[in-house]
Amino acid sequence: MLVLDDIDRRLLDLYQRDLPLVARPFAAMAEAVGVGEDIVLARLARLSEAGVISRIGAVFRPHRCGHSTLAAMAVPAERLEEVAAVVSAYPQVNHNYQRDHTLNLWFVIAAADAAEVAAVMTEIKDRTGIAVLDLPLIEDFHIDLGFDIRWS
Amino acid sequence: MIDFDAVDRALIVATQEGLPLVPQPYAAVAEAIGISAAEAMARLRRMQDSGAIRRIAAVPNHYALGYRFNGMTCWDVADGDIAAAGTAVAALPFVSHCYQRPRHLPDWPYSLFAMIHAKDAESAEGLVAEVAAALGDLSRGHVVLFSTRILKKTGLRLS
């Protein structure tokens, strides 16, 4: 695992919430952290390559562009690989997790409209013969998706 | 729901894999879709103001940072209590997402979802206890589902 130094940590602490929307954002970040723009670019490239940063860009609010839902299935253990592969193959599925519960497969379906989301859900149910629980977002209580990183 | 025009959609598609790591990333993206840097930034700002974009950020991968215990905590909260419960849980600094979702009785009575991230099982238990304490009597029961495998994870996709 990559060893993160103080510059890396400060970049993550400061910019997991808001990257400045200015012509030269990395120069602005460099000034805030007290290093050169080239250093910031190099650090961000390294952190991205190492997978510490998954993406540098816009985080969209769910439901604000297109339609999405959280879906859950109770898949028998011996069919998990097969069913997970069916689910993951849909381009409309952008997250798919195995979780430790009877409902062991959890995934997000996102598409341009509700009809397409429903169609994907129906197709998964028909192809696998397993019910798909539909858990769309009703209310989002969180304001800032940033996250308090505990470095120790 | 916000309607995006064709240029907004092109801008979303061009940036969804991430901004290019060059000194002027918005200019690079703008050039790729044939608009000016100023227009690209104005459109992103408008999407931010309207709430369509929650933030523009360097999104950390919790797992790569050593947070291997990512729990989806699910709480059975009465419909009438959901606003108070959601507000209380969302205010906890370690909760990264907090949503109300429909229950599916009898199998799934849980209506409030809160994501927690910890580096070990013991810390994860501590965080769950903190959520439980914040909810007090508002919780009628809960389960915590840890992810045991990430099968697919990509950003937003528009085509």
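## Stop one: a buried pair

Select Asp8(B) and Arg43(B): both are buried, meaning under 20% relative accessible area, where over 50% is exposed and in between is partly exposed (1.4 Å probe, protein chains only). Their side chains meet in a salt bridge at 2.9 Å, N to O; the term calls for a side-chain nitrogen of Lys or Arg within 4 Å of a carboxyl oxygen of Asp or Glu. Asp8(B) sits in helix 1 of chain B and Arg43(B) in helix 3 of chain B, so the pair ties together parts 35 residues apart in sequence. Helices here are DSSP runs (H or I, at least four residues), strands likewise (E, at least two), numbered from the N terminus.

Before you go on: this is a predicted model, where local features need pLDDT of at least 70 and side-chain atom pairs count only at pLDDT 80 or more, while totals for chains, interfaces and linings use all residues. Residues are numbered from 1 along each chain as its sequence is written, chains are lettered from A and ligands numbered from 1 in the order in which they are written, and side-chain values use heavy atoms, with hydrogens and water left out.

Now pick Arg24(A) and Glu37(A), whose side chains meet at 2.6 Å, N to O. Arg24(A) lies in the loop between helix 1 and helix 2 of chain A and Glu37(A) in helix 3 of chain A, so this pair links parts 13 residues apart in sequence. Arg24(A) is partly exposed at 39% relative accessible area, while Glu37(A) is buried at 17%.

Next, show Asp6(A) and Arg10(A), a salt bridge with its closest N and O atoms 3.8 Å apart. Both lie in helix 1 of chain A, 4 residues apart, about one turn of the helix.

## Stop three: the core

Which residues touch the most other members of the largest nonpolar core? Select Leu19(A), Met29(A), Leu44(A), Tyr26(B), Leu44(B), Met47(B) and Ile56(B), out of 38 residues in that core. Such a core is a set of buried Ala, Val, Leu, Ile, Met, Phe, Trp, Tyr and Cys residues joined through side-chain atoms within 4.5 Å.

Zoom in on Leu44(A). Leaving aside neighbours within four places in sequence, Leu44(A) is in contact (heavy atoms within 4.5 Å) with Leu11(A), Phe26(A), Met29(A), Ile53(A), Ile56(A) and Leu21(B).

## Stop four: where the chains meet

Colour by chain: 77 residues of chain B are in contact with 75 residues of chain A. The two chains bury about 7100 Å² between them, 60% of it on carbon and sulfur atoms; buried area is the accessible area (1.4 Å probe) that two parts lose on being put together, summed over both. On the chain B side, Arg54(B), Arg55(B) and Lys152(B) lose the most area to chain A, together 12% of what that side buries.

The interface has 2 salt bridges. Display Asp140(A) and Arg54(B), whose side chains meet in a salt bridge at 3.2 Å, N to O.

Then move to Lys153(B), in strand 5 (residues 139-153) of chain B. Lys153(B) touches Asn94(A), His95(A) and Tyr97(A), not counting residues up to four places away in sequence. Lys153(B) is partly exposed, at 49% relative accessible area.
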